[in-house]
Amino acid sequence: MRYGRKIRFQVAGIVLLALISGVISYPKIVVFIDPVYQKVNQLKVSLGLDLQGGVHLEYVADVNSVPEDQREDAINSAQAVIERRVNAFGVGEPLIQTSRSGEERRIIVELPGVKDIEDAKKLIKETPTLEFREERADDDPDLVQTLTMVNGMSLENAKKGLERALAGEDFAQLASELSQDPGSKEDGGNLDFQKKGAFVPEFDIILFDENNPVGIVHPNIVESSFGYHIIKIEERRGEGEEREVRSRHILFAKMQKNMVPELQYKETGLTGRYLESASIDFGNQYAMGDPRIVLHFDEEGSKLFKEITERNLGKTLAIFIDKEKVTAPTVQSIIPDGVAEITGQYTLEEAQSLKSRLNEGALPVPLQLVGQQSIEASLGQEDLNKSLKAGFFGVLAVIIYMVVYYRFFGVIAGVALIMYTTMLIAIFKLSSFPGWDWPITLTLSGIAGFILSIGMAVDANVLIFERIKEELRNGKYIESAIREGFRRAWPSIRDGNLSTLLTCVILIWMGTGFVQGFALILFLGVSFSMFTAIGIVQTMVKALPMQFLDRHLWLIARIKRSKNKK
């Protein structure tokens, strides 16, 4: 018996590894240890959309407002934003990819395990668009044109209203119907008794001009900063400074640029696609100050932001999310490094909410849902069961073949193959451990990679055992034959597996979706097969009773040994 200390230590390690892998892969074997069972049983193999069902959503991206040469970047940015949103939602191994057909660009989202399609749509739809806008100048041509058109229409409506009032229609009724002054609908434009100075000067002039008769609609439209007024004096009382006038009016309001954020601010081209991240800072490393939002732009966004802050010093720069103005901080200085701060009287909750919205809002293009599909889990479960059966019978057939052909070595190969399968399943489950950034998702293509790797795991054992048999036929003793067999088989195992691993790396790097899943599982399988062939099988073989086997070579194979033993 040649049980060296090193071999005994390695065998103990293999037994421990087998126990741990077995418990993780099949926790029911420790059901009698309740705390361990409860914790390990929480680990599950993450299944893909084709196995556990889920939701498939398809969006068309509206890139009309994005310059042609920037559309690819905009789509990629939108894809990254959706990935962040989905990952934050806790969906395991989502598939988010883009496609292009002519000028139409699409983003396809697949969410395994999501049962409610409305929840999935809400998750994506809530992703807002983010824009930074600067103030419009008062003489901005677009602003002037819009105000002229809108206020011209208001004046025309005022003229029509005046014609109806002068024609004798009930003034209070007209005010309730037409006036845009708050409260006029309920009180018929009643302004009650007011002294001079209570209204804007243009209004006072009409009310306190004694030449304007009581009970008569003033024949002209009165223009003020608020709009166009139709006035009717109903009663006067008092004298001198106590003079008061009760009146009614109909207001046709004027639009001003500060009434409508879309008029007050214009686009700058700086959108969420240039924002790398938003974070919260308290501005004082020694004390908790007011929270403020810190924005970090990428290189291109930093250049844009510098230009924008240069031409807007002292002015406000508004942040719009989903076309709604969120905040409009004042530009205090030129910002050249792409780091900006939003200060204000924010509570911590408000600051966190704004930070989240900014991070989530880095979606540079609007999306329109054009396709949705809920994939039932029953179909995936059926395929999964068939695949698992195929895998089980594949492993069983390989073990039977190895035992029949290689006898005692075949038993060792079978044990190693079971350990290989158990360890790989344990890795799949451990990848779902909370906090793991890259969980392994098992899809049908992944199962194909898994089954293929089983064959490759046996292939290494076949190479080793055949080399050992060759050495035995050359007359070597069992111990030296085993040592030479592993030494001679290693280059072939190494070269063959490394070429496969290199192919897997390329597929993971350049492939998408199911191709990546297949390559990842195959990569893991080949890596573990090398470990079991060289590490586990070699240790188990070396731990065998060498002298006994040397006298009973039939336990290994039918070998006619050379008479010249070495």
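1. A nonpolar core here is a set of buried Ala, Val, Leu, Ile, Met, Phe, Trp, Tyr and Cys residues joined through side-chain atoms within 4.5 Å. Buried means under 20% relative accessible area, exposed over 50% and partly exposed in between, with a 1.4 Å probe and protein chains only.

2. This is a predicted model; local features need pLDDT of at least 70, side-chain atom pairs count only at pLDDT 80 or more, and totals for chains, interfaces and linings use all residues. Numbering runs from 1 along each chain as its sequence is written, and side-chain values use heavy atoms, without hydrogens or water.

3. The largest nonpolar core has 57 residues. Phe409, Leu417, Ile464, Phe465, Ile468, Ile482 and Val541 touch the most other members. Elements giving two or more residues to this core are α13, α14, α15, α16 (478–510), α17 (513–542) and α18 (546–551). Helices are DSSP runs (H or I, at least four residues), strands likewise (E, at least two), numbered from the N terminus. α17 gives the most, with 13 residues.

4. Take Ile482. Leaving aside neighbours within four places in sequence, Ile482 is in contact (heavy atoms within 4.5 Å) with Phe409, Ile468, Val541 and Met546.

5. Aspartate 192, in strand β6 (residues 190–195), has a positive phi of about 55° although it is not a glycine. Aspartate 192 is partly exposed, at 43% relative accessible area. Arginine 407 also has a positive phi, of about 55°, and is not a glycine. Arginine 407 lies in the loop between α13 and α14 and is partly exposed, at 30% relative accessibility.
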